Amino acid sequence: MTAVAERPADAPFARRTRVLRKGNEAIAEAAIRAGCDAYFGYPITPQAELLEWMARRMPQEGRAFVQAESELGAINMGLGAAACGKRVLVSSSSPGMSLMAEAMSYMAGSEVPIVVVNVMRGGPGLGSIGPGQGDYWQATRGHGHGDYRLPVLAPSSIGEAMDLVAASFEIAERYRTPVILLADGILGQAMEPVEETYRTPPRLAADWALTGADGRPPRVVKSLHLKPEALEQHNRHLRAKEAAIRDAEVRWAGERLDDADLAIVAYGTAARVARTAIARARESGMRVGLFRPITLWPFPDAELRHLATQVRGFLVLEMSAGQMLDDVRLALEGARPIAFHGRTGGMVPMPGEVVAALHRLENRTGGPAR
Amino acid sequence: MTVETRVDDQPRVLYAPPELLADRSTTYCPGCGHGVVHRLVAEVLGELGLGPRTIAVAPVGCSVFAYDFLELDFVEAPHGRAPAVATGIRRVMPDAFVLTYQGDGDLAAIGTGEIVHAAARGEAITAVFVNNGIYGMTGGQMAPTTLVGQRTTSCPNGRDPAFAGAPIPMTEMLAVLPGVAYAARGSVVDASSIGRTKQYLKKACQVQLDRAGFAIVEVLSNCPIGWGMTPVESIEHLRDAVAPVYPPGVIVDRTAPARGG
């Protein structure tokens, strides 16, 4: 479990290369620098610039790029390339992610490492092209059919998204699992100054990958186990892997929690709104901090539960009707009051709304702290 | 009276199973054509020395078990997606020989998008398309390739084109795409048609090795259980009723030199 450290303030400025970059493009370039061998995608707003960046850059690097016929095509091309042990990125946005659910389940079952970016938009259905966080349940509950979980990493800035691309490849390959990088329309579309610092995770030996049965027995990458006993055994193996991920890969960040007696729980773009709201609330004397999950699965539940020994109440803030709220409730087990504020449909909560929600929470928890 | 017993020091091999075919019984139903097609694939890949380079894609349906019978690296694709999976392999494994093996429910119904676009891109893939006109694994339901009037568990009164459309000639449809270098249709009706099918398969493999484009060989096959016939009846039906609707032969060969005019 890692609380994210701030970048050292005394790092030599001259060695930094700062560029103004759009989120979708920054994620794409970070993947290339992380050693991505192949990218497959399909146009959909608000992630189309990711596809376009890859269309230009991947051939320059001599790597594979295909604009597929559909999200079904894209994710299954990813399945094929990743089954050969290659480092593969696929990206889409909410409606396209639904089409990918089938292959996500196959890849979880056949233990194929891949990184899939979802730049979430408003839903349900065709929804809107505005930012949303309505795919939290889909992502954190495995995404497809069957009985499994996938690691889900949620950046709240473009710089963090770049860092998490490399981390996603690392986790995918270490545990042989698909990993979802869960962004939203604002993170995809906004431009921010970012440092061009990249990381290329080392390659692990892939003694399972398909390379042609040359001088060794044939390998099969599959999810079909017709005998119930065999499939249950395989499921036990997947559970053990998930337990190892829970033990080692939980990430979260805390801000202004030292003296807090209320906490906002938010991720992604909502966490940035929360930050502004916290600053305003503190001006009026409230002591509020931010608990920001970075891994949505595994959820930092022990860390959140520990915070309940300090704060009197929690406000969950989401760009959805309340999905992460479920995980907060499960983590806190009724230990403290939980309030919720959310906007849907592509709307982004305003800091004023959040401050008002904090006041309501404060009243529920016994009035202002002395 | 003397009895002469002759013992050859060196017995002649008249028949041997191909090395790439696993030495175990298949799980296919008695009389099913998949075993014949598996054998042809194993023979052709073996004769071309491609076994150690091959990455094959198994479909969903009866032939998902191809990886139990062919001694090749295999990945299992979701239903219909084999051509997309194969595209991903093709683009990152330049030296691999990439083979897909699909049935007609897989390729001609749920996977039409993937096969059309892999063919249109001219992916250097060799596609084996086993057409038995029915969904075998799920109990014999109507497929897009089911003949007009043919009874299945989901068209118990026979396929009525007014409600279910006419059979789809997938290979002819694909053959119009410029990315398709070679398309042919064989069958498992008898020894001579099986021999021709083997030649089509060999050509379709050579097309990939020459990077000439996409290659597909459809193989008309039988499903005695799904058709409600004995194996012999099913072969007669394949010859007399199925083959006239789906005529065997080379459908397109863009590797052939253009005729002068």
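This is a predicted model: local features need pLDDT of at least 70, side-chain atom pairs count only at pLDDT 80 or more; totals for chains, interfaces and linings use all residues.

Analyst: Over all chains, the structure holds five aromatic pairs. One of them is stacked: A:Y39 and A:F65 sit 5.9 Å centre to centre, with 10 degrees between their planes. That pair links distant parts of the chain, since A:Y39 belongs to strand β3 (residues 38–41) of chain A and A:F65 to strand β4 (residues 64–67) of chain A, 26 residues apart. As for cover, A:Y39 is buried, at a relative accessible area of 0%. A:F65 comes out at 19% relative accessibility, and because buried means under 20%, A:F65 counts as buried too.

Over in chain B, B:Y67 and B:F74 make an edge-to-face pair, 6.1 Å centre to centre and with 70 degrees between the planes. Both of these residues, B:Y67 and B:F74, are buried.

Now for the chain around that second pair. Chain B has 10 helices and nine strands, and 52% of its 261 residues are buried. Its radius of gyration is 19 Å, which agrees with the value near 18 Å that a compact globule of 261 residues would have. Along the principal axes, the C-alpha trace of chain B spans about 75 × 45 × 45 Å. If you take the contacts in chain B between residues at least 6 apart in sequence, 69% join residues at least 24 apart.

Conventions: Residues are numbered from 1 along each chain as its sequence is written. Chains are lettered from A and ligands numbered from 1 in the order in which they are written. Side-chain values use heavy atoms; hydrogens and water are left out. Helices (H or I, at least four residues) and strands (E, at least two) are DSSP runs, numbered from the N terminus. The radius of gyration is taken over C-alpha atoms; the globule rule is 2.2 Å times the number of residues to the power 0.38. Buried means under 20% relative accessible area, exposed over 50%, partly exposed in between (1.4 Å probe, protein chains only). Contact means heavy atoms within 4.5 Å. Rings of Phe, Tyr and Trp (its six-membered ring) pair if their centres lie within 6.5 Å; planes under 30 degrees apart count as stacked, over 60 as edge-to-face and the rest as tilted.
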